[in-house]
Amino acid sequence: QVTVVESGGGLAQAGGSLRLSCSANGGTFSRSAVGWFRRAPEKEREFVAAITWRGSNTYYADSAKGRFTLSRNNDKTTVYLQLNNLRPEDTALYYCATSPGAVLTAQTAGIMKLYRNWGQGTQVTVSS
């Protein structure tokens with residue numbers, strides 16, 4: 001049983017920053033690709049960013065490019081999503097998900113079905 005845990009959400013002003021963290025108990029997190037998704041009120045869940053298990057490749061939704069940065073720590077036990085220059089439209093519940101053994105590409109990184117284990121989400125609220 002793999003338990004994915006997100007943290008770091010909160011309230012920020014427009015233009016501000018937050019750093020989200022993702023880790024997992026059990027399973028092979030260090031060998032898993034990790035993706036971040038978000039669901040804004042009254043909208044569908046959407047892809048934000050993903051990182052390969054080695055941390056050598058990252059993929060971003062257009063809305064995240066240039067503002068969000070995804071990274072893994074050296075022992076690959078934690079993935080960080082740095083959110084900069086936040087906008088009110090970034091307000092959402094942010095989910096971390098893992099894909100053990102997956103080989104991500106730019107075409108597949110945002111496919112939710114590839115991710116097997118999901119966290120409960122961490123709320124990000126951006127005020128104008």
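**Figure 1. Salt bridge between Arg38 and Asp90.** In this predicted model, the side chains of Arg38 and Asp90 form a salt bridge with an N to O distance of 2.9 Å. The pair joins distant parts of the chain, since Arg38 belongs to strand 4 (residues 32-39) whereas Asp90 sits in the loop between strand 8 and strand 9, 52 residues apart. Both Arg38 and Asp90 are buried, and for Arg38 this assignment follows from a relative accessibility of 6%, because buried means under 20% relative accessible area.

**Figure 2. Salt bridge between Glu46 and Arg38, and the network around it.** The side chain of Arg38 also meets that of Glu46 in a salt bridge, at 2.7 Å from N to O. Glu46 is partly exposed, with a relative accessible area of 35%. Arg38, Glu46, Arg67 and Asp90 are linked in a network of salt bridges.

**Figure 3. Salt bridge between Asp62 and Lys65.** Among the 4 salt bridges that the structure holds is one in which the side chains of Asp62 and Lys65 meet at 3.2 Å, N to O. Asp62 is exposed, its relative accessible area being 66%.

**Figure 4. Surroundings of Thr91.** Thr91 lies in the loop between strand 8 (79-83) and strand 9 (92-100) and is buried, with a relative accessible area of 18%. A polar atom of the Thr91 side chain lies 2.9 Å from the backbone oxygen of Pro88, and the side chain of Thr91 also reaches the backbone nitrogen of Val126 at 2.9 Å. When neighbours within four places in sequence are left aside, Thr91 is in contact with Ala40, Pro41, Gln123, Val124, Thr125 and Val126.

Notes:
Residues are numbered from 1 along each chain as its sequence is written. This is a predicted model: local features need pLDDT of at least 70, side-chain atom pairs count only at pLDDT 80 or more; totals for chains, interfaces and linings use all residues. Side-chain values use heavy atoms; hydrogens and water are left out. Helices (H or I, at least four residues) and strands (E, at least two) are DSSP runs, numbered from the N terminus. Buried means under 20% relative accessible area, exposed over 50%, partly exposed in between (1.4 Å probe, protein chains only). A polar contact is a pair of N or O atoms within 3.5 Å; within protein, one must be able to donate a hydrogen and the other to accept it, and residues adjacent in sequence count only if both atoms are side-chain atoms. Contact means heavy atoms within 4.5 Å.
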